[in-house]
Amino acid sequence: MPKSQAAPKPGKMYPKSTFAYDAAADTYRCPQGQILRRTGRAKRKAKKKFYYYNLPACAACTFRSQCTSYAYRYIMRQADEAVMDANHQRVVAHPEIVAERKTIVEHVFGTLRLWGHDEFLMRGREKVAAEFSLSALVYNLRRVLNIMSMAQLLQTLQAA
C-alpha cells in the first residue's frame, strides 16, 4: 500500500498534519488522495476560521472509521495559519534564538501576567507604552530588591 494510502495505527486517528494543504487552490488533500474544499467559516474570539471537508468522498471512504467518528472529516484552518506555520519553521530552524528570548523577555511577561496585568487600562499607543513602562519599572524594582536589600539599594542610588 503506498504511503498516501496507509492506514493509521489501530486506535489512532489521522492527525491534521497528514492532510496536505495547497495554498494556491485553498484546499486540503486527505491521506487517501481526496480533495477537501473550503466550505464554511466562523469567527470565534476575533479569530477567523475556515472549515474544509468533502461529504461524498468521506461517505465512500473505506478508512473513514480510522479518520473520524463522525459522518465526515473536517479540517479547521485559521485565517493566519500560514503566518503561524512560517513562525514555527523559524523556531525549528533556530531553537537557540528561542532559548535566548525565553531568558530575556518571556520571564517579564509571564510575571506581569501572574500579577494580573493581562490587559491595559489605557487606550492609544503612547498611553499603553507609558502604562507598560510603569509595569516594567515595578518588575525591575522587585528584581533588584530580591537581589539586594533596600539599604544597599539606597546606598547605591545615593552614591550615583
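So, strands E2 and E3: residues 27-29 and residues 35-44 pair in the antiparallel sense, over 3 bridges. Pairing here means DSSP finds at least two bridges between the two strands, and strands are DSSP runs of E, at least two residues, numbered from the N terminus. Bear in mind this is a predicted model: local features need pLDDT of at least 70, side-chain atom pairs count only at pLDDT 80 or more, and totals for chains, interfaces and linings use all residues. Numbering starts from 1 along each chain as its sequence is written, and side-chain values use heavy atoms, with hydrogens and water left out.

Across from Tyr28 you'll find Leu36 in E3. The E2–E3 hairpin has 5 residues between the strands, and Gly33 there takes a positive phi near 95°.

Next, E3 and E4 run antiparallel, joined by 7 bridges. Arg38 stands opposite Tyr52 in E4.

Now the rings. The whole structure has 7 aromatic pairs (Phe, Tyr or Trp rings, using the six-membered ring of Trp, with centres within 6.5 Å; planes under 30 degrees apart are stacked, over 60 edge-to-face, the rest tilted). Take Tyr21 and Tyr52: edge-to-face, 6.2 Å centre to centre, 80° between the planes. That pair links distant parts of the chain, strand E1 and strand E4, 31 residues apart. Ring pairs also bring in Tyr28, giving a cluster of Tyr21, Tyr28 and Tyr52.

And who sits over Tyr21? The charged end of Arg77, 3.6 Å from the ring centre; the cut-offs are CZ of Arg or NZ of Lys within 6 Å of the centre and within 35 degrees of the ring normal.

Methods
Helix = DSSP H or I, 4+ residues; strand = E, 2+ residues; numbered from the N terminus.
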